[in-house]
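Please look at the sequence and the model first.

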Amino acid sequence: MITKYGYSTVGIISAIVLILIIISFFIKNDIIKISIVVVSLLFLVFTVYFFRDPDRTSPNSNKVIVSPADGKILIVKNIIDDRFIQGDAVQISIFMSPLNVHVNRIPIDGTVEYFNYINGEYLVAFHDKADKRNERTEIGIKSKYGKVLFTQVAGFVARRIVCNLSEGDTVRQGKRFGMIKFGSRVDVVVKPDWNIKVKEGDVVTAGETILFDKQI
């Protein structure tokens, strides 16, 4: 299944590929003709693959926070957050390569109480200042067990953040809310009273892998 966030891009790429293949029919050099057709089709296949959107099954529990993105755990660190958590916090950063599924999902049930878009730079996603300097969308959810902040951070390749959330929205764990096109990272920030369930280097799946839990 292709995500709805990619319909326009897939449509444009499909049209370009069709035009290139038609043009190739008028080229007499067989090597150039075959090269154009093969490269065009491979690019189309990659585009469709990039915008894939598989179904996921979430834990459906307010006592856990699931990963909002597919990828690899890049950073687990203590920080001080003055955007939404307001104080000591723990941040987990997930790096999304161009080969990962890029549809993002809600990490926990709750209400969107904070939303902020920043038009920033395009440092590589694994740069330690990318979360402060890059283009990003910051979303804060008030859940039953506390505040959860997560951010979509654009990277060197990714130049298009899609997010269909607004302040006041009621959200459900595991539901799709947007994507970052062509690789980047997602950060999750919570208070230190949540238990960390992953470590740097772990591979995570959006909507399914538990990043934090809370013993009540």
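Q152 lies in strand 7, which covers residues 146-154, where helices (H or I, at least four residues) and strands (E, at least two) are DSSP runs numbered from the N terminus. The model is predicted, so that local features need pLDDT of at least 70 and side-chain atom pairs count only at pLDDT 80 or more, while totals for chains, interfaces and linings use all residues. Residues are numbered from 1 along each chain as its sequence is written, and side-chain values use heavy atoms, with hydrogens and water left out.

Q152 is buried, with a relative accessible area of 0%; buried means under 20% relative accessible area, exposed over 50%, and partly exposed in between (1.4 Å probe, protein chains only).

| Pair | Distance |
|---|---|
| Q152 and I180, C-alpha to C-alpha | 7.0 Å |
| Q152 side chain and V162 backbone oxygen | 3.1 Å |

In sequence, Q152 and I180 are 28 residues apart.

Helix 1 (residues 7-24) has 18 residues and spans 26 Å from its first C-alpha to its last, close to the 26 Å expected at 1.5 Å a residue, the expected span being 1.5 Å times one less than the number of residues. Its buried residues are T9, V10, I13, V17, I21 and S24. Seen down the axis of helix 1, these buried residues fall within an arc of 100°, so they line one face of the helix; the arc is that of the directions from the helix axis to the C-beta atoms. The face turned away from the buried side of helix 1 carries the exposed residues Y7, I12 and L18.

Key:
A polar contact is a pair of N or O atoms within 3.5 Å; within protein, one must be able to donate a hydrogen and the other to accept it, and residues adjacent in sequence count only if both atoms are side-chain atoms.
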